[in-house]
Amino acid sequence: MFTEVAAFSGFSSNAIEESKRFYGDVLGLRVQEEMGGLRLLLGGGGSVFVYPKENHEPASFTVLNFPVQDIDAAVDELRAKGVETKIYSDDDFPSDEKGIVRGAQFGGPDIAWFRDPAGNVLSVLAEG
């Protein structure tokens, strides 16, 4: 029924203008304004809609993951742009000084989480 539909995901923000700058200037995504919100154009043809919501509450889960070939370089670049990549305590997720959780501990990929201007959780994770 939906196999040919161009589906997309969405999440809310109470900081649309700040989110526009963050996703466009900091993360380097193509961002289009539409319907009062933002369409984030992702590699591979996908998209995500960020919609305004006054009573927004940040997602308590990861809303968007960015697979990268070199997680250390990606985290270094984020940190150079002022993005905090150590958002969880070591009690929750033991990580190095950059905030990278080395996946061998958990049987998954290396991953680092960070937040957008509305407090939503995003991640960079090692491909493969």
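Helix H2 is followed by glycine 82, whose phi is positive, near 85°; helices here (H or I, at least four residues) and strands (E, at least two) are DSSP runs, numbered from the N terminus. The structure is a predicted model, in which local features need pLDDT of at least 70 and side-chain atom pairs count only at pLDDT 80 or more, while totals for chains, interfaces and linings use all residues. Residues are numbered from 1 along each chain as its sequence is written, and side-chain values use heavy atoms, with hydrogens and water left out.

H2 itself spans residues 71-80, and Ile71, Ala74, Val75 and Leu78 are its buried members (buried means under 20% relative accessible area, exposed over 50%, partly exposed in between, with a 1.4 Å probe and protein chains only). Because these residues cover an arc of only 95° around the axis, they lie on the same side of H2; the arc is that of the directions from the helix axis to the C-beta atoms. Their cover includes strand E5 (62-68), strand E6 (111-115) and strand E7 (121-126). At the start of the helix, a side-chain oxygen of aspartate 70 comes to within 3.2 Å of the backbone nitrogen of aspartate 72.

Another buried residue, leucine 38, sits in strand E3 (residues 37-41), and its relative accessible area is 1%. Leaving aside residues up to four places away in sequence, leucine 38 touches Ile16, Ser19, Lys20, Val31, Gln32, Glu33, Val48, Phe49 and Val50, where contact means heavy atoms within 4.5 Å.

Serine 95 belongs to the loop between H2 and E6 and counts as buried at 18% relative accessibility. Its side chain and that of lysine 86 are joined by a polar contact of 2.6 Å (a pair of N or O atoms within 3.5 Å; within protein, one must be able to donate a hydrogen and the other to accept it, and residues adjacent in sequence count only if both atoms are side-chain atoms). Beyond four places in sequence, serine 95 touches Lys86, Asp90, Ile100 and Val101.
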